[in-house]
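Work through the exercises below with the sequence and the structure in view. Each task is followed by its solution.

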Amino acid sequence: MHEDTERCVRAVQSRDARFDGWFYTAVVTTGIYCRPSCPVTAPKPENMRFYPSAAAAQQAGFRACKRCRPDATPGSPLWNERGDLVARAMRLIADGVIDAGGVAGLATRLGYSVRQVERQLLAELGAGPLALARAQRAQTARLLIETTALPMAEVTFAAGFASIRAFNDTIREVFALSPTELRRRASGGQAAAASGMLSLRLPFRQPLCPDSLFGHLAATAVPGVEEWRDGAYRRTLRLPRGRGIVALRPGPEHIGCQLALTDLRDLPVAISRCRRLLDLDADPVAVADLLGADPALAPLVAKAPGRRVPRTVDAAELAVRAVLGQQVSTAAARTHAGRLAAAHGDPADDPAGGLTRLFPAPEALAAVDPGTLALPQSRRATFAALAAALVAGSVDLSAGGDWARARAGLAALPGIGAWTIEVIAMRGLGDPDAFVTNDRGVRAAALSLGLPATPAALTARAAAWRPWRAYAVQYLWATSDHAINRLPAGHAARKDSA
C-alpha cells in the first residue's frame, strides 16, 4: 500500500480514515508523521513520504503528530488476515515476546534464524523487530503517562524500558515532548496509581456492529470467568506476569476499556489480547465490498455493516471450550466450562465481586481426571488428548502459531473433527477464512437464503467469499433469533473517558 504513492496521496487529501494503520504519512518540511485521516491541511504531495509502520517513520527521524496521534491508530488488518512469517512475527511482538525473550526468543518461536526474521521485517515494514518493539513501548508509555498518576520511574519499567534515560530519550524523540509535558497536555481524569486501574479507548475502523460481537461473548460467558454487567463485557485475564480483569464497553467511536492489572508491565499484552478478542483491527470495508457483491449476502451486509468475529484472549481456552461444546446447547457448554473453571481455575480478585476464577491453564487441565467430568466417554478422551497436546506443544495455538500446522495437529487428536477445528481456527487462531460448513446454524441460514445446504455444495458456493468466509459465517449466524445475535437487554452505548 505505502508504495502506491498516487493512491496514498489521494487518501491523505481526502482524509480517508479507512487507511489509518495501512500506512503512515511523513512530511519532510515539518519532520512529523501522521495517520491518513489527520485533520490538518494536507501537505504538498512532493513533501510527503509514506511508510508501512509507525516504527519505520520513527526510525527515519519523524515525530508523531500531536493532533492525530498516529501511534494510536488501529493496527494493520494484514497481521490478522495473513498467516505468513511477517504476520506471525507481528502478532508475537504485540503479545510481548520480544520484551520477554528478545529477538532471539522471537526467532525461536517462529522457527527461523534471527537474520531471516530481521530481513523479512525490514523488507516489508521498513523496521526490524527491535524498532517495532520500541514503537510499541512508546505507545504503552504514552498510555501510562496520560491515564495514570504513576511516577515516571514506574512508568519506565512498566512500559518495558531498560532505563529511565532510554525512556526519556524515546518519548522526546517520538512525541517531541518530555514525559512531564506529555502528562500535562493529557485531558481527563487520572486513575490513582496504587489502584492499578486504567481507563482507555480502543480505536477501530468504522463501521462496527456490536450486537453479534458482544452478544456472542455475553451469551456464551463462562460463569465466574466472564460476565455481562452494566452494559459491559467483563472477564478475567491470565497474563505473562500476573492477572487482570477487563471491562469492555461498546461505543459509537471506540471501545471503552477498563483494566485492573496486578503488574502494569502486562498492559501492552492485555491491550493486544483485547483487540484480538473483539477483532478491532479488521477492515470492515474490504469485507463488505466482497460479501456485499453476493446477491444472497448483500441484504445482510447492508442491514448490519461491520460485523466482527468474536474471538478470544486465549486460544487454548477457546479450544477446550469448543470441545466441551460439541453437540450440546450454548447453555450446557457454559455449564460444563463453569464447573471446570470453578474446580480447577486459579482464584481471581474482582473488587466488583462477579468474577471469581481464571480459566484453567493447560497444565492444570492436563492434571484433571477425565472421569470427574460430566461428559460422554468419547469426549472425556478428546478433552484429555487436547490438554496433553497443548502442554506438550504438539498443538501450538499461540499468537504466532502456524495456522496450517495447528489444524493438522488438532485433526490428529481423537474426537476433533472439521467443525471443532474450524471453530478454533476462526475464533482462536483468528483465521479470517475459517468456515464451519457443517455447522447447524450455518446450514439452516443457507437453506433460508436459497444457498446450497449440503457441506460440499455450500463449500463450493462459499469459494466466492474467500478470504472472508469467517465473516460470512457471522452474517449467516445472525439470521437466527439466537441470543448470540443481540446485546443483553438494557444496554445503552455511552462515551467513556480515556
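**Exercise 1.** Find which helices the buried residues of H4 pack against.

Solution. The buried residues of H4 pack against helix H3 (78-81), helix H5 (97-110), helix H6 (114-125), H7, helix H12 (267-278) and helix H19 (403-411). Contact here means heavy atoms within 4.5 Å. Helices are DSSP runs (H or I, at least four residues), numbered from the N terminus. Nine of the ten residues of H4 are buried, that is, under 20% relative accessible area with a 1.4 Å probe, protein chains only. Among them are Arg-88 and Arg-91.

This is a predicted model: local features need pLDDT of at least 70, side-chain atom pairs count only at pLDDT 80 or more, and totals for chains, interfaces and linings use all residues. Residues are numbered from 1 along each chain as its sequence is written, and side-chain values use heavy atoms, with hydrogens and water left out.

**Exercise 2.** Describe how H4 packs on H7.

Solution. Start with the geometry: H4 (residues 85-94) and H7 (residues 129-147) pack at an angle of about 40°, with axes (lines fitted to C-alpha atoms over the stretch in contact, angles from 0 to 180 degrees between N-to-C directions) 10 Å apart.

Next, list the residues. Met-90, Ile-93 and Ala-94 in H4 meet Pro-129, Leu-132, Ala-133 and Gln-136 in H7.

**Exercise 3.** Which residue just after H4 takes a positive phi?

Solution. Gly-96 does, with a phi of about 85°.

Conventions: Helices (H or I, at least four residues) and strands (E, at least two) are DSSP runs, numbered from the N terminus. Buried means under 20% relative accessible area, exposed over 50%, partly exposed in between (1.4 Å probe, protein chains only).
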